[in-house]
Every structure is written in structure tokens, then in C-alpha cells.
Amino acid sequence: ENAIQAARHSKEKKLFLLLKFEKGMLFINVWNTYEGGLIKNGKDYLTTKKKKKAEQHGIGLKNVERVINSYHGNIEISDTDNIFDVKIMLYTLSMK
């Protein structure tokens, strides 16, 4: 939802989604264009929404990171040239 909103309010209005399963790994890549500056606290991204109630905004990426870490996956987040890019890699569970 955040990616859609950011792309909608940007000049270029681009949103990209890739889901790929290969050799027991799930790859997810979502990137979108955005306008304006991002707010960061260290490596954490903070909400730029006007209504900043802590219980409603700013927890999406933290939840994604928490889930990925609980499954021993990897996440990379970058923002360059007005493109916000999230890359995720998850491993399948081996069944015995």
C-alpha cells in the first residue's frame, strides 16, 4: 500500500513487483518511484505521512524485517534517485 501511494504521488508513477521461486529460494523485489525526501533514524525509515500516530504508521517495514529475520531470510532496502527498492530472499524449509 505504501509503494502504491508513493508511486501515485510521484512524477514518474512507476511500481515494479517481481516474485521468483528458484532452487528452493523465494525472491521478492518491490520498487517504486517517490517524490520528496525520506526520513530516516539510523537505518530505519520513518513515516512521512501527515497523520503520524505511532500505532498506525511506520511499522510496515519493521514487521517485514521481523518476519524475514524469523525465517532466516535476507532483506536489502535502498533509496536512490527517487526509487525506493526492497529486495527479499527467503529459503524454503527443508522437510524430513
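Among contacts in the protein chain between residues at least 6 apart in sequence, what share joins residues at least 24 apart? The share is 44%, where contact means heavy atoms within 4.5 Å. This is a predicted model: local features need pLDDT of at least 70, side-chain atom pairs count only at pLDDT 80 or more, and totals for chains, interfaces and linings use all residues. Residues are numbered from 1 along each chain as its sequence is written, and side-chain values use heavy atoms, leaving out hydrogens and water.

**Overall make-up**

- The protein chain holds two helices and six strands; these are DSSP runs numbered from the N terminus, helices being H or I of at least four residues and strands E of at least two.
- Along the sequence the pattern reads α-β-β-β-β-α-β-β.
- Of the 96 residues in the protein chain, 19% are buried; buried means under 20% relative accessible area, exposed over 50%, and partly exposed in between (1.4 Å probe, protein chains only).
- The protein chain exposes about 7600 Å², with carbon and sulfur atoms supplying 56% of that area; accessible areas come from the Shrake-Rupley method with a 1.4 Å probe, and for residues only the protein chains shown count as cover.

**The sheet**

- Four strands form an open sheet in the order β1-β2-β6-β5, with antiparallel pairing; two strands pair if DSSP finds at least two bridges between them.
- β1 (15–22) and β5 are the edge strands, each pairing on one side only.
- From one strand to the next, the twist averages 10°; axes are lines fitted to C-alpha atoms, for helices over the stretch in contact, and angles run from 0 to 180 degrees between N-to-C directions.
- α2 packs on the sheet and touches β5 and β6. The direction of α2 makes about 150° with that of β5.

**Strand pairs**

- Eight bridges link β1 and β2 in the antiparallel sense. Leu-17 stands opposite Val-30 in β2.
- Strand β2 (residues 25–33) runs antiparallel to β6, joined by nine bridges. Ile-28 has Ile-88 in β6 as its bridge partner.
- β5 pairs with strand β6 (residues 83–91) over seven bridges, again antiparallel. Asn-74 faces Met-89 in β6.
- The hairpin of β5 and β6 has two residues between the strands. Asp-81 takes a positive phi near 50° in this hairpin.

- Tyr-71 lies in the loop between α2 (60–70) and β5 (74–80).
- Tyr-71 counts as partly exposed because its relative accessible area is 47%.
- Val-67, Tyr-71 and Leu-93 make a nonpolar surface patch of about 330 Å².
- Patches are made of residues with over 30% relative accessible area and no salt bridge; like charges are joined within 9 Å, nonpolar side chains (Val, Leu, Ile, Met, Phe, Trp, Tyr) within 5 Å. A salt bridge is a side-chain nitrogen of Lys or Arg within 4 Å of a carboxyl oxygen of Asp or Glu.

**Ile-4 in α1**

- Ile-4 sits in helix α1 (residues 2–8).
- Its relative accessibility is 43%, so Ile-4 is partly exposed.
- Ile-4 and Phe-16 are 12 residues apart along the chain, and their C-alpha atoms are separated by 9.9 Å.
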